[in-house]
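Hi everyone, thanks for making time this morning. I'd like to walk you through one model and a handful of its residues, so let me put it on the screen.

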Amino acid sequence: MGSYRFSNPAEESQSNLSAGKLMVTVFWDAQGILLIEFMTRGTTINSEVYCRTLKKLKRAIQNKRRGLLSYGVVLLHDNARPNTAVKTREVLRKFKWDVFQHPPYSPDLAPSDFHLFTAMKKWLGGQHFADDEELKNTVTHWLKSQAAAFYAEGIGKLVKRHDSSLNKGGDYVEK
């Protein structure tokens, strides 16, 4: 899982730098995209919003990865408040999903940060979009057009980075 904020310089002002940002949350595994959710501008992600997203993710897994729910889902998300809230933990317990422990402030161990969004940001470089819909459609198309090998590579990097972090006593993999 990962979230990314897109900036549209034409819409930003000095007084409110976040006004021109559009956030996308992406859930993916070694086979590809599970769920892409663009947040409405001005939406704050709290536990209620995050729990709704997790319910959508469960439906997406049911539709795209038949049988996975019965084998067990391991979710990697950071320790942001919405992800660790009591309500969120209750939903995850109800779903019988395990949470892969992710050290705080460790973007080097978040595959969306070091793999997915890095590649997407490079691809998006220099492009301009007429409106949010064009941006959403372009990003969605790019995410869905990546080969399964791209996503498998990101998960493979996670395993190597996590092992490296453990061997370094939890220290950053890349400084």
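Let's start at glycine 156, which counts as partly exposed because its relative accessibility is 31%. By that I mean the range between buried, under 20% relative accessible area, and exposed, over 50%, with a 1.4 Å probe and protein chains only. Glycine 156 sits in helix α7, residues 148-167. Helices here are DSSP runs of H or I with at least four residues, strands are runs of E with at least two, and both are numbered from the N terminus. Look across from glycine 156 to alanine 30: they are 126 residues apart along the chain, yet their C-alpha atoms are separated by 8.3 Å.

A quick word on the ground rules. This is a predicted model, where local features need pLDDT of at least 70 and side-chain atom pairs count only at pLDDT 80 or more, while totals for chains, interfaces and linings use all residues. Residues are numbered from 1 along each chain as its sequence is written, and side-chain values use heavy atoms, with hydrogens and water left out.

Now the overall layout. The protein chain has seven helices and five strands, and from the N terminus on the order is β-β-β-α-α-β-α-α-β-α-α-α. Of its 175 residues, 38% count as buried. Among contacts with a separation of 6 or more, 59% are between residues 24 or more positions apart; a contact means heavy atoms within 4.5 Å.

Next, please find helix α1. Does its length agree with what its residue count predicts, or disagree? It agrees: α1 covers residues 47-64, and at 1.5 Å a residue its 18 residues should span 26 Å, while the end C-alpha atoms are 25 Å apart. The expected span is 1.5 Å times one less than the number of residues. At the start of the helix, a side-chain oxygen of asparagine 46 comes within 3.1 Å of the backbone nitrogen of glutamate 48.

Which residues of α1 are buried? They are Ser47, Val49, Tyr50, Cys51, Thr53, Leu54, Leu57, Ala60 and Ile61. As a reminder, an α-helix has 3.6 residues a turn, so residues three or four places apart point the same way. The cover over the buried residues of α1 includes strands β2 (21-29), β3 (32-38) and β4 (74-76), along with helices α2 (68-71), α3 (81-84) and α4 (86-95).

Take threonine 53 as one example from α1. Threonine 53 is buried, with a relative accessible area of 5%, and beyond residues up to four places away in sequence it touches Phe27, Leu35 and Glu37.

Threonine 53 also brings us to a cavity, as one of the residues lining the largest one. A cavity here is a set of points, on a 1 Å grid over the protein atoms alone, where a 1.4 Å probe fits but cannot get out, and lining residues have an atom within 4 Å of a point. The structure holds one cavity of 30 Å³ or more, and the largest cavity contains about 40 Å³ of space. Its lining is Thr25, Glu37, Met39, Ile45, Val49, Tyr50 and Thr53, and α1 gives the largest share, three residues.

Is arginine 65 buried or exposed? It counts as buried, because its relative accessibility is 12%. Leaving aside neighbours within four places in sequence, arginine 65 contacts Asp29, Gln31, Gly32, Ile33, Leu34 and Ala60.

For contrast, lysine 96 is in the loop between α4 and β5 (98-100), and it is exposed, with a relative accessible area of 69%. Phi of lysine 96 is near 65°, a positive value in a residue other than glycine.

Two more stops. Histidine 115, in helix α5 (residues 111-124), is buried at 4% relative accessibility. A polar atom of its side chain lies 2.7 Å from the backbone oxygen of phenylalanine 150. Not counting residues up to four places away in sequence, histidine 115 touches Trp28, Phe150, Glu153, Gly154 and Lys157.

Finally, valine 139 in helix α6 (residues 132-145) is buried, with a relative accessible area of 0%. Valine 139 and valine 24 are 115 residues apart in sequence and 9.3 Å apart in space, C-alpha to C-alpha. Thanks, all!

Technical notes. Polar contact = N/O pair within 3.5 Å; in protein donor to acceptor, adjacent residues only side chain to side chain. 1 Å grid on protein atoms, 1.4 Å probe; cavity = no way out; pocket = protein on both sides within 12 Å on 5 of 7 lines; lining within 4 Å. Points joined across faces, edges and corners; volume = space filled by probe spheres on them.
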